[in-house]
Amino acid sequence: MLDAKSEKIVKGICDRSLCLVVVGSGYVGLPTAALFADAGFQVVVIDVKQDLVNAVNNGVSPIKEPGLNELISYNVHAGRLKATLSYEAIARSDAVIISVQTPLNKNRKPNLSYLMNALKKIGKNLKKNMIIVVSSTIPPGTINERVKPTLEALTGMKAEADFYLAYVPERIAPGNALKDFVESPRLVGGIGPKSTKIASELFKTVCKTVIETDASTAEVAKLAENTYRDINIAYANQLAIICEKLNVDVMEVIRLANTHPRVNIHLPGPGVGGPCLPKDPYFLTHMSKLPRPNIIMTARKINDYMPNHIIKTTLKALEKTGKNIKTAKIAVLGTAYKGNVDDPRLSPAQPIIKTLLNLGLKTVAYDPKCEESFGAEKAESLNDAIKKADCILILTDHKEFEHLKLSEIRQYMNPNPIIIDARRIIDKEEATRLGFKYYGLGKHSP
Ligand SMILES: NC(=O)c1ccc[n+]([C@@H]2O[C@H](COP(=O)([O-])OP(=O)(O)OC[C@H]3O[C@@H](n4cnc5c(N)ncnc54)[C@H](O)[C@@H]3O)[C@@H](O)[C@H]2O)c1
């Protein structure tokens, strides 16, 4: 199936003489670059941010991700990995992986400006027979309708004949990125069979399992996965609210329901955040006229409602405990969008903290991993956060919060202390025995 030109690239992949550029050195680009360097390739990461470039060249990871610092340091010192601001590196390479951000704009439409800017610069430096891989999340049709024509127009070359192009969506979860990159089956969709085969050979050098498809199918499959998860979480959240009214514990309901061999209900929480789940359903649907009602946007609305539910629970708890909301202090534990990561993007902590501050509540935020405090006073330690607090609000299930010493915490807090456990990580019986008013998401309030 491969001709002599494409065979030559595959040979460069097999003998590691192929030089690779990764464009965008963020949560996806850095693990990508470090793992390919570790597989033996010469890798250059390009980013527009000088501080990220400097950090990588000093052998330091600018993001907190288990194992990444060591991998970057080892490969930088071995001379296989470096970073630059300059796109000229592309002219000296054979393969490019693009992992720039693709956020939503304020109208919740895909913002592809970072991708298009990167493509313009790549196009100016593209050589014959290169393989270009997009791994940023993109709306359906982007490879064939935007990326391919842009590169062809800029270069005067034909994709699949003069250069190769594939979509290889990323499936990593922050906090487990290196393992996920290697172990999660990887979809590889080229714009034609040669592009698919070359990209597949490239990713097989790092990923254990590669599944070949076409670019358009890979685009939809990526979005379908995350939309499924968003819908499933919305169901768990809806169930949590129902259980609160029925005076049963949603965690026990889910545990029991999941003993059914064909049921897998996810966990409820204070909302859905991060760079993928709140965004990808909009990417999936933005070109389609959906019937109303439709499950995808209904799920989004339910998940977007959850921060309000947590605020209502907090206000109800303060009122029932006789606290004055003008003077009460709330200690928010966790601003990252999920446990054990440093990433605050689209975290439900943001709307919750913003509303608490707008209501005039003294709000202090503590997160051992994440720098962001969303305008709340930032506590440097757990003790600082809980000192004279009236209410602890747990928004992120970091492992540091899973075994809180409640008896000690109780002594630092004001009388009649409250715990709002939006992640269900606290032992309700222990908390109640120690004199806390415990409000768990999906559990009838005291
Ligand atoms: N973070 C995740 O866990 C994850 C998982 C799966 C998929 N994705 C997708 O991967 C893509 C990247 O996500 P991320 O979390 O790594 O984003 P990020 O914001 O952490 O990283 C993107 C990087 O690209 C750089 N950049 C932007 N424009 C550039 C340009 N023209 N040239 C060079 N560098 C440029 C930015 O400075 C930034 O460092 C997104 O499409 C995202 O949806 C992310």
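The structure is a predicted model.

Domain 1 covers residues 4-208, and domain 2 covers residues 214-446. The centres of domain 1 and domain 2, taken over C-alpha atoms, are separated by 34 Å. The contacts between them involve 28 residues of domain 1 and 27 residues of domain 2.

The size of an interface is often given as the accessible area lost when the parts come together. Here, domain 1 and domain 2 bury about 2300 Å² between them. Carbon and sulfur atoms account for 58% of that area. On the side of domain 1, three residues stand out. Y27, K64 and P140 supply 23% of the area that domain 1 buries against domain 2, more than any other three residues.

Two salt bridges are found across the interface of domain 1 and domain 2.

The ligand is surrounded by 28 residues. The closest are V28, D47, Y87, T102 and K279. Both domain 1 (4-208) and domain 2 (214-446) give residues to this shell, so the ligand lies between them. By class, the shell residues divide into 14 nonpolar, eight polar and six charged.

A polar side-chain atom of T102 is 2.5 Å from a ligand oxygen atom. For D47, a polar side-chain atom lies 2.6 Å from an oxygen atom of the ligand. T137 uses its backbone instead: one of its polar backbone atoms is 2.9 Å from an oxygen atom of the ligand. Taken alone, the ligand exposes 830 Å². The protein buries 95% of that area.

Key:
Residues are numbered from 1 along each chain as its sequence is written. This is a predicted model: local features need pLDDT of at least 70, side-chain atom pairs count only at pLDDT 80 or more; totals for chains, interfaces and linings use all residues. Side-chain values use heavy atoms; hydrogens and water are left out. A residue is near a molecule or strand if one of its heavy atoms lies within 4 Å of it. A polar contact is a pair of N or O atoms within 3.5 Å; within protein, one must be able to donate a hydrogen and the other to accept it, and residues adjacent in sequence count only if both atoms are side-chain atoms. Accessible areas come from the Shrake-Rupley method with a 1.4 Å probe; for residues, only the protein chains shown count as cover. Ala, Val, Leu, Ile, Met, Phe, Trp, Tyr, Cys and Pro count as nonpolar, Asp, Glu, Lys and Arg as charged, and the others, Gly among them, as polar. Domain bounds come from an automatic or database domain assignment. Contact means heavy atoms within 4.5 Å. Buried area is the accessible area (1.4 Å probe) that two parts lose on being put together, summed over both. A salt bridge is a side-chain nitrogen of Lys or Arg within 4 Å of a carboxyl oxygen of Asp or Glu.
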